[in-house]
Amino acid sequence: MIIARFLGPRVWILVGLILAAAVLVPLANLALPPGHPLHMPSYLVPLFGKYVTYALLALALDLVWGYVGILSLGHGAFFALGGYAMGMYLMRQIGSRGVYGNPILPDFMVFLNWKALPWYWSGFDAFWFAALMVMLVPGLLAFVFGFFAFRSRVTGVYLSIITQAMTYALLLAFFRNDMGFGGNNGLTDFKDILGFPIQAAATRAGLFSASCIALAIGVLLVGWITRSKLGKLMIAVRDAESRTRFIGWRPEDVKLFAFTVSAVMAGIAGALYVPQVGIINPSEFAPVNSIEVVVWAAVGGRGTLIGPILGALLVNYGKTVFTAIAPDSWLFVLGGLFVFVTLVLPRGIVGTIDHGWDAWRARRRSAAKEKGESGDGDGSILPHPAE
Amino acid sequence: MVEHDDMREPLGQDGIAPGASPDDVAAGPSSDPAKADTISSVVSPHPYAAEMRRRRLAAEAQGRARRETLLYLDGVTKSFDGFKAINNLSLVIERGEMRAIIGPNGAGKTTMMDIITGKTRPDRGAVYFNGAVDLTKHDEAAIASMGIGRKFQKPTVFESHTVEDNIRLSLAGPRSVVEALVHRKSTAERERIAEILATIRLTDKRRTFAANLSHGQKQWLEIGMLLAQDPELLLVDEPVAGMTDAETVETARLLREIAATRSVVVVEHDMSFVRELSVKVTCLHEGSVLSEGTLEAVSNDPKVIEVYLGR
Ligand SMILES: Nc1ncnc2c1ncn2[C@@H]1O[C@H](COP(=O)(O)OP(=O)(O)OP(=O)(O)O)[C@@H](O)[C@H]1O
Ligand SMILES: [Mg+2]
């Protein structure tokens, strides 16, 4: 109960909804016959599963952008690295079922006339090792990157630009065939995951549930961090970094912690994404992908925990619908959406609702006060950091 | 106060009267070499040995001056693109002392605080805290933890936190990320916060977001955040800028209250406020000390009248 109170009702409602989806969607897909009005068609399950991994990615970004004020334009890189680590595991699971039938080497290596597996591919036949790398590789990159960037006090737009440069550099690197990650085509043609056929409806339902559970754990983790004293310190760093320094804190440590945790979360999201979409290639490192994540968080409302999740789901649903109607204009819609949100809804959807609710309560409280009723505190409207 | 007296005791034995004015102490580093020479020539015939002894005595005198003071600046210089914001500045603050610093705009008052708190590295000169600590070798966070609190010229508080949380984040204690993550609120912590809120007259605002405070209240909150760190020395940059007259009087009272147990350096333009504090005054001009003494003496100093008050 103490923990329940500690995290607040909002987090628990959200976790409840996510876990309900984790159960209900697979049920609606597997247990209900195709004719049933509530039946969920099989093609929708991995699509929704993809949205859920995007939501986890948006939540990860919210931890650094919404709470610590680090506008990372490179979170797609951590997502993609987690995805590649999972992709390497899935490639090793193909075994001799590839086009060239080589029991060890993935097809693209046979095609390149490679004789042996590069050293960095070893171990990826074991799921536990791949799972470890899914977290370790993005986490380590974020730690090293953040260590230097934050210690040299790179902030604001300069930091955003170097995060963007980071993902772009990785994009170029992963395009190269001699990197050993399948070059332009990336990793695909997966067969099994943990021994289950990856195309099977039950496997996909399982992957959907796993994504939901990962998201729920992410919500609990971010909820715990942001409601702790450290969370208050993060907001303090976001709003007045130099103040925190002069009362003895080291903002670079706070940022490094948030950035690393966030990168690990993004890596896990990427690892769950890859088996559901069936491919990982260098385009996941494209700078525009990272910018899209920022748009999701901005639309939903950064620094609200629930907002970025909502934003990721809404914008991606919109994207699916819109690209079916007018495939070429998505980028314009995305840009327009960002401009619209920045100008009209700077707090995002959830932030705007929260603010309206707080203002209404403050008004009611001051009205109650005038009537002589007891009311605690005064005018407690939380200001928006952008103001 | 007891501990301050304790620390002053041995100084008397060292030959400097406990009540010696900071000026006397400040003279230490550049003490008269002729005097040292006469002593050394009696004791030691060899000129080389005499020179060594003279140097040792000078170093000792300097060391003693440093040890006896809380804050010790000697020959500090800092230039920005060739412009000397601080120029051979020497300043000594004693334990338990409250000092007012005045001076025209651009005199280098804020830059001096930047140097003391580790934000700016001086090009030259010595900056010592508590006698032994060379402040030029530490960063802001370390210096803050050593016991130097600083209020900015522009009030800076955590706007999206409540008054209470602002104080809580500033309370002296561990400063590690992991501790902050698993930190539990304690009764001692609550009591300390209540105590500070009472001191800064914000008890009834404890649950108000700092953004919704008036300008004057933000200044007080920031002073409260300094107090929460339990510092030995408070550097307060223009605390009454933009305050109403009533708030100014209240602030003077607050600072005097704080100065009863700590050393305080206040930078201020408001002369009626400085008068209210009734402490020793230093006037800075073009990065160095122009005049120092009682407010009476400083404000009657012709140099001060010319560059600052006479405008
Ligand atoms: N980081 C910096 N880069 C360049 N010049 C600087 C910097 N900091 C201060 N200066 C210059 O140093 C001089 C002293 O500035 P400082 O802020 O210390 O003055 P001050 O005495 O606090 O003035 P005020 O009463 O207006 O607050 C000014 O001319 C200022 O322009
Ligand atoms: Mg100034």
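# Questions on chain B and ligand 1

In this predicted model, an oxygen atom of ligand 1 is 2.8 Å from an N or O atom in the side chain of His269(B).

User: Happy to start at the ligand. How much of the area that ligand 1 exposes when taken alone does the protein bury?
Analyst: Good place to begin. Taken alone, ligand 1 exposes 630 Å². The share of that area buried by the protein is 63%.

User: Which element gives the most residues to the shell around ligand 1?
Analyst: Two elements of chain B give two or more residues to this shell, namely β2 (83–93) and α5. The top contributor gives three residues, and it is α5(B).

User: Which residues come nearest to ligand 1, and how far is an oxygen atom of ligand 1 from an N or O atom in the side chain of Thr111(B)?
Analyst: There are 14 residues around the ligand, and Asn105(B), Lys109(B), Thr110(B), Thr111(B) and His269(B) come nearest. For the side chain of Thr110(B), the distance from one of its N or O atoms to an oxygen atom of ligand 1 is 2.6 Å. For Thr111(B), the distance between such atoms is 2.6 Å.

User: Let's move to the sheet. What is the order of its six strands, and which strands stand at the edges?
Analyst: The six strands form an open sheet with mixed pairing, in the order β6-β7-β8-β3-β9-β10 of chain B. Two of the strands each have a single partner, so one side of each is left without a neighbour in the sheet. From one strand to the next, the twist averages 20 degrees. The strands at the edges are β6 (148–151) and β10 (288–293) of chain B.

User: In which sense do β3 and β8 of chain B pair, and what is the bridge partner of Ala100(B)?
Analyst: Strand β3 (residues 98–102) and strand β8 (residues 263–267) of chain B are joined over four bridges, in the parallel sense. Within β8(B), the bridge partner of Ala100(B) is Val266(B).

User: At about what angle does helix α5 of chain B run to β7(B)?
Analyst: Helix α5 (residues 109–116) lies across β3, β6, β7 (233–237), β8 and β9 (280–285) of chain B. Helix α10 (residues 215–228) of chain B also packs on the sheet, touching β6 and β7, and its direction makes about 170 degrees with that of β6(B). For α5(B) against β7(B), the angle is about 150 degrees.

User: Which residue takes a positive phi in the hairpin of β1(B) and β2(B)?
Analyst: Strand β1 (residues 71–80) of chain B runs antiparallel to β2(B), with seven bridges joining them. Along this pair, Val76(B) stands opposite Leu89(B). The hairpin has two residues between the strands, and the residue with a positive phi near 50 degrees is Asp81(B).

User: Finally, what percentage of the residues in chain B is buried?
Analyst: Chain B holds 14 helices and 10 strands. Of its 311 residues, the buried percentage is 53%.

Note on methods:
Residues numbered from 1 in each chain as written. Chains lettered and ligands numbered in written order. Predicted model: local features only at pLDDT ≥ 70, side-chain atom pairs only at ≥ 80, totals over all residues. Heavy atoms only, no water. Pairing = 2+ DSSP bridges. Axes fitted to C-alpha atoms, helices over the stretch in contact; angles between N-to-C directions. Contact = heavy atoms within 4.5 Å. Near = heavy atom within 4 Å. Polar contact = N/O pair within 3.5 Å; in protein donor to acceptor, adjacent residues only side chain to side chain. Areas by Shrake-Rupley, 256 points an atom, 1.4 Å probe, with all protein chains shown as cover. Buried < 20%, exposed > 50% of the residue type's maximum accessible area, 1.4 Å probe, protein only.
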